[in-house]
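Look at the model below.

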Amino acid sequence: MKKGTARRALAATLALGVGLALTACGSSGSTGGGASVSGEDYDGPKVSISFWNGWTGGAAPVLVPKLIEKFNSEHDNIEVKNVPMEWADVNKKLPLAVKAGKGPDVAVAHGDDVATYAAQGLLLKADDIVKALGYSAEDFPEGLMDAGAYSGNQYGIPWSVTPLGLYVNNDVLKAAGIDPATVPSDKDAYMKALEALKAAGVQGEWVDGYVFTGTFEFQSLLWQFGGDLYNEDVSKATFNSDAGVQALTHMTDLIKDGYSPANVAQDGNIKGLLAGKTAYNWNGVWQTTNEGFNSIDWTVAPVPQIGTEKAVWSSSTHWMFLNNKGQDKNKTAAAATFVKWMNANSAGWAETGELPAANEVRNDPALVEKYPNLKPFLDQLPYAHYETSAPGITAANAFITTALNEAVTGKKDPKQALDDAAAKADEVLKQNKTKYGD
Amino acid sequence: MAGPNPAAPAVAVPPARRRSRVGKSGAPRRTGTAYLFLAPFLILFGIFVIAPAIFGLVISVTDWSPYKAEQAFIGLQNYIDLFTPGSITFGDFWQSMGATGIFTLLSVPVMLVVPLLLAVLLNNKIKGGTAFRAIFFAPYVLGVAVIGVVWRYVLDTQSGILNYLLGLVGLPSDLPWTVDVPWAWVSLVGVTVWWTLGFNAVILLAGLKGISADLYEAASLDGAGAIRKFFSVTLPGLRPVMLFVTTTTILASANMFGQSFILTKGGPGNATRTVIMYISDQGLAQSNMGAASAMSYILFAVLAIISVINFRLQRERAE
């Protein structure tokens, strides 16, 4: 859907000339503050640009200042100011700050927020910047550029991806007499392993009903069964399709058949895995940095294929250029130089438990050599699905977790739970259309 | 946002108002001086409480979005939606009001009785009384995020220490403390009581200290026992303090947010999602500012009515 229009828009802007101000292709959303970006490094007068991000935990608070220091020392005419804050604060502060002309020149956001910001006119259309920096969809995992596009325009430039994987506690497998050398990759093998574990008195996968990570598992399964979250133009929820019911039923059956305990609390499963009480946990690549793993024998693998096709959930983060009131074109151009440099130097980002988005960086064998645990996640990217790019989509997504929670706690059967959630999501989607325009 | 916040109840002004009546008899100059001393507080109060409250009222009659340049006036539509079955907000709003009501009904009696008993115990000249007072008060100084995360470990269904201990004494060891009702309610009330009982206890203790020893002596001379003294001297003597404690506790319980947000995520389904959780989700996460403001004002109206009833009931007996 978006791919086609995005390509046409790209072609159109290309025809108009790369140096054209971004406003040329803009409508109501992005007015003013276009930038002339060239593929070369920014060579205008010295500017200071501010960069907002939500990197407050893990390795990032050490890593990011180092990267920025290096960038600043290599660029005499650009000074990047790092402004880290909680993701929720970025969300809250961005709209008013941008409208007042006090927002950042460049920021990083999660894939499911980009369209929301774009629809509110907070972002500059980045089609020209993408073009000028020489990026194309082929420079990133398939589908990732689209995850930062909205309504036919590119707003986000990919920075990182964080797919789900299957974490395995080998000690538990060995104790149950299962050879940990081969990790189950399809439904038969997976169910056989769970059955063997059950025979040994171990509940092999603990299913939870929360965003982390039950919702991610459900979405992976939904895609594996050939379903999707929403229809093409994101006007209707489709997660209550047969595929959705199959996916959710698989999860509730794990509980019903005793492969999972009932009533797993939030994070109960990763705690259980680390404590040697369960063998498998579907969790995100970010867990590779969890120090709890140091004390157990573990591996991580691609999530098994339960449905009819390979698929896995992944979230993503994207660079955005802000449409501040009176945005200085030079600053946006400098920000583009910064983004390109950061992506080119993103190998170290793996340290934070996220995968760099740029293929060039990710495909460098040195990355896997240094971070061998990332390999299964890299291997899954060709069939990873990213979050839906539509304004206000997180409000609709919230109902998926409610449905999941109701189903795994036995309040409703999977179909009923999903149907109820889809009906509510449809209302929110309708509301979003009027709220954000189309 | 959660826990008893003594600064919160805007409705708890009547005692102060009564006192200000006394001030009226003074010279105008003295009143001016008083206002001068009050000014620093009043300015902050005006900027951070009164002004936002009025602004909220304005927002509630618009389809406010922080991203639009102009906001459209839509009259009482946001309020009408909240009272129209089948509207996008109706079901979830009243369900969360119900959850808040359940929590308030369950928690307020416990948060009055337990601290009262505690205060009576601490009021006896027992060894280490000060230390106990500090111990009971200690959890109150912790933030809700801290107590939430700590209790999540304790209450985990499979790995939590509580279920482990229950198992040791032969009780069911798989109770879903944070995952399913009614256990989630027990956890939420229990954690909140543990967290905040010290605050109420300290206020009630101060009230107890204010009751004249002569009254107890007189009661003893009349042959009253400990129980009779508690009901005939202690409780009546505490009435003004009780009024304050009851009011702040009801308001704090009705404003519960953090405990549900962290411990149960509002689950199972949305059973423990409180109204503040829903309002903040609508207003801050989904930018439905108009609807969220209208909800806030309905909540405010409900709490104001409850507070007025509470005042009426307790004041009549107090005076």
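Helices here are DSSP runs of H or I with at least four residues, and strands are runs of E with at least two, numbered from the N terminus. The model is predicted, so local features need pLDDT of at least 70, side-chain atom pairs count only at pLDDT 80 or more, and totals for chains, interfaces and linings use all residues. Residues are numbered from 1 along each chain as its sequence is written, and chains are lettered from A in the order in which they are written.

Start with chain B. Its residues 34–59 are 100% helix and 0% strand. The end C-alpha atoms of that span are 34 Å apart. Residues 183–206 of chain B are also 100% helix and 0% strand, with end C-alpha atoms 34 Å apart. An unreviewed UniProt entry annotates both spans as "transmembrane region".

Now take helix 8 (residues 183–209) and helix 10 (residues 226–254) of chain B. Their axes come within 9 Å and cross at roughly 155°. Axes are lines fitted to C-alpha atoms over the stretch in contact, and angles run from 0 to 180 degrees between N-to-C directions. Angles over 145 degrees count as roughly antiparallel. Helix 8 and helix 10 of chain B are therefore roughly antiparallel to each other.

Which residues of helix 8 of chain B meet helix 10? They are B:Asn200, B:Ile203, B:Leu204, B:Gly207 and B:Leu208. Contact means that C-beta atoms, placed from the backbone, lie within 7 Å.

Finally, turn to the two chains. Here 21 residues of chain B are in contact with 27 residues of chain A.

Methods:
Angles under 35 degrees count as roughly parallel, over 145 as roughly antiparallel, 65 to 115 as roughly perpendicular and the rest as oblique. Two residues are in contact if their C-beta atoms, placed from the backbone, lie within 7 Å. UniProt positions are given in the numbering used here, feature names are shortened, and annotations may be inferred rather than shown by experiment.
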